[in-house]
Amino acid sequence: MMLLEGLQPAYLALAFAAGLAAGWFFFYGLWWTVQRLPSSKHPALLTLGSLGLRMGVSLGVLFLVMAGDWRRLAVAVAGVVVMRLILVRRLRPAAEGA
């Protein structure tokens with residue numbers, strides 16, 4: 001049953017958790033970068049540096065989690081998407097008229 005080895009619930013839960021962590025790093029890092037752009041002396045450098053770091057770490061995590069099995073990658077990417085949804089709701093600016 002080598003085909004099903006990567007689909008054990010523990011592997012899938014770890015892949016999802018790693019996806020959540022990668023998603024938090026990427027999207028919280030994006031939010032942090034955007035917050036600092038107005039006061040930055042070198043906004044282009046900040047933007048490109050942040051993008052490179054966020055992409056490198058996030059893709060590295062996804063690559064390691066995948067370990068050659070696209071199903072684990074799919075579960076990890078689902079974790080990234082879930083974390084994006086969570087952070088969009090939590091980091092949303094307060095409504096001006098409310």
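Which residues form one aromatic cluster? In this predicted model, the cluster consists of Trp24, Tyr28 and Trp31. A search of the whole structure finds three aromatic pairs. In one of them, the ring centres of Trp24 and Tyr28 lie 5.0 Å apart and the planes meet at 10°, so this pair is stacked. Trp24 and Tyr28 are four residues apart in helix H1, and about one helical turn therefore separates them. Trp24 has a relative accessibility of 41% and counts as partly exposed. Tyr28, at 29%, also counts as partly exposed. The rings of Tyr28 and Trp31 have centres 5.3 Å apart, with an angle of 35° between their planes, so this pair is tilted. Here the spacing is three residues in helix H1, which again corresponds to about one helical turn between Tyr28 and Trp31. Trp31 is partly exposed, with a relative accessibility of 30%.

Helix H1 spans residues 9-36 and helix H2 spans residues 43-66; their axes come within 9 Å and cross at roughly 180°. Angles over 145 degrees count as roughly antiparallel, and H1 and H2 are therefore roughly antiparallel to each other. On the H1 side, the residues making the contact include Ala15, Ala18, Ala22, Phe25, Phe26 and Trp32. On the H2 side, they include Leu46, Leu53, Met55, Val57, Val61 and Val65. Gly29 and Thr33 of H1 and Thr47, Ser50 and Ser58 of H2 also take part, as do Arg36 of H1 and Arg54 of H2. By residue class, the contact of H1 with H2 divides into 13 nonpolar, five polar and two charged residues.

The largest nonpolar core has seven residues in all: Ala15, Ala18, Ala22, Leu62, Val65, Ala76 and Val80. Helices H1, H2 and H3 (70-90) each supply at least two residues of this core, and H1 gives the most, with three.

Val65, one of the core residues, is located in helix H2. Its relative accessible area is 18%; under 20% counts as buried, and Val65 is therefore buried. When residues up to four places away in sequence are not counted, Val65 touches Ala15, Ala18, Arg72 and Ala76. Val65 and Ala76 are 11 residues apart along the chain, and their C-alpha atoms are separated by 7.4 Å. Ala15, counted in the same way, touches Val65, Arg72, Val75 and Ala76.

Definitions and conventions. Residues numbered from 1 in each chain as written. Predicted model: local features only at pLDDT ≥ 70, side-chain atom pairs only at ≥ 80, totals over all residues. Heavy atoms only, no water. Axes fitted to C-alpha atoms, helices over the stretch in contact; angles between N-to-C directions. Parallel < 35°, antiparallel > 145°, perpendicular 65-115°, else oblique. Contact = heavy atoms within 4.5 Å. Nonpolar A, V, L, I, M, F, W, Y, C, P; charged D, E, K, R; others polar. Buried < 20%, exposed > 50% of the residue type's maximum accessible area, 1.4 Å probe, protein only. Core = buried A, V, L, I, M, F, W, Y, C linked by side-chain atoms within 4.5 Å. Phe/Tyr/Trp six-rings, centres within 6.5 Å; stacked < 30°, edge-to-face > 60°.
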